[in-house]
Amino acid sequence: MKILKTVIKKKRAAIALWALVCAVNILVFELYSIMLEPLLYSLALSLFFLLVLMTVDYCKEKKRSGERFYALASIVSDWDRLPDPHTVAEEDYQEMIRTLGRTLDAVTEEFNEDRQDSLDYFTAWVHQIKTPIAVMKLRVSEDTPENIAIRTELLRVEQYVEMVLQYIRLGSSSNDLVIREYDLDDMVRESLRKLAPQFVGKKLHLEYEELDRNIRTDRKWFCCILDQILSNAVKYTYKGSITISMDGDCLVISDTGIGIAEEDLPRIFEKGYTGINGRLGEKSSGLGLYLAGKAAKLLSVELKAESTVGKGSSFSLNLAQEAAPKD
């Protein structure tokens, strides 16, 4: 219908002229009392030729529409391959598109170079800052209350530093995924070891049994999800326990913390959203769960949260798509 309207619009002058000629001829023939039959035959014949021309134009326009459709589908990546212009106006428009395409390529290349420079800088910075943090950890290795408190804060610094790098990497067009089969239990224990000083400092109980399961995933980003969820669980749990278990194909991490308000639950994975508890209680950047959610999408792992204020929260990772039998 759109193509037909386009053809009619292009031929509207010819159609109007034909209608005007018909009206004038009929009027003249009527005034002079001339037989209308030859005139009507002539008008019918001219209408036939007009319809033939419109049909030809319709077929051409349909073909051009198909060419434009395929060109539009790849216009961002293949903007230089456009259908042949049929008018001066089309030629001018295509030159505008090519100019915009060249400008877009130049801006994109400059942006990617700047982003890579930033990533390289922050990667180097993260590795450099880990050295003085490791030295400070050695200085406070003795298990005194003061040293445990200092190690807990140093762990938070490490987490914040790592979050900077993860945040930049998630925004990159290439996330260097390495998909292999990993032991789920090893990855969970790795995250727990990082949080051990906080468990001890807050006297939290850990309920955890060995997870007899292998999964195919990227270790770095899956551990990122675990780190953020467990870190949040420890952060917002002041007494009680944290439980890690399997529920069918789901890895479930539950706590007995302060919980999340019902109105906040739909938005906890949004960037910068802290919720009522994050604003009133602990200082929160709103990036931890955002990173966990983005990493989960990157790995095609379904991440869900349930919570009751005052009773605690539960996060589940559906591993059905990623599961692999353990040797």
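Figure 1. Of the contacts in the chain with a separation of 6 or more, 67% join residues 24 or more positions apart, a contact being heavy atoms within 4.5 Å. This is a predicted model, in which local features need pLDDT of at least 70 and side-chain atom pairs count only at pLDDT 80 or more, while totals for chains, interfaces and linings use all residues. Residues are numbered from 1 along each chain as its sequence is written, and side-chain values use heavy atoms, with hydrogens and water left out. The chain holds 9 helices and 8 strands; these are DSSP runs (helices H or I, at least four residues; strands E, at least two), numbered from the N terminus. Of its 327 residues, 35% are buried, where buried means under 20% relative accessible area, exposed over 50% and partly exposed in between (1.4 Å probe, protein chains only).

**Figure 2. Confidence along the chain.** The average pLDDT is 83, and 90% of the residues score at least 70; pLDDT is the predictor's confidence in each residue, from 0 to 100. Over residues 322-327 pLDDT stays under 50, and the model has 21 contacts beyond four places in sequence for them. Please take care here: where pLDDT is low, the predicted coordinates should not be read in detail.

**Figure 3. Helix H6 (residues 184-202) against H7.** The two helices pack at an angle of about 25 degrees, with their axes 9 Å apart. Axes are lines fitted to C-alpha atoms, for helices over the stretch in contact, and angles run from 0 to 180 degrees between N-to-C directions. H6 and H7 are therefore roughly parallel to each other; angles under 35 degrees count as roughly parallel, over 145 as roughly antiparallel, 65 to 115 as roughly perpendicular and the rest as oblique. Their crossing is right-handed, a crossing being left-handed if the near helix is turned anticlockwise from the far one by less than a right angle, and right-handed if clockwise. Among the residues making the contact are Leu184, Met187 and Phe199 of H6 and Phe222, Leu226 and Val234 of H7. By type, the contact has 11 nonpolar, 3 polar and 7 charged residues (nonpolar: Ala, Val, Leu, Ile, Met, Phe, Trp, Tyr, Cys and Pro; charged: Asp, Glu, Lys and Arg; polar: the others, Gly among them).

**Figure 4. Helix H5 (residues 145-170) against H7.** Here the packing angle is about 135 degrees and the axes lie 12 Å apart. H5 and H7 are therefore oblique to each other, and H5 passes H7 in a left-handed crossing. The contact includes Tyr160, Met163 and Arg169 of H5, together with Trp221, Cys224 and Gln228 of H7. Its residues divide into 5 nonpolar, 4 polar and 3 charged.

Figure 5. Thr237 sits in the loop between helix H7 (219-235) and strand S4 (241-247) and, at 0% relative accessibility, counts as buried. Leaving aside residues up to four places away in sequence, Thr237 touches Lys202, Leu204, Asp255, Thr256 and Gly257. Arg213, in the loop between strand S2 (205-208) and strand S3 (214-218), is buried with a relative accessible area of 14%.

Figure 6. Lys203 lies in the loop between H6 and S2, has phi near 55 degrees, a positive value in a residue other than glycine, and is exposed at 74% relative accessibility. Ser300 belongs to the loop between helix H9 (288-298) and strand S6 (302-308). Phi of Ser300 is near 60 degrees, which is also positive, and Ser300 is exposed with a relative accessible area of 54%.
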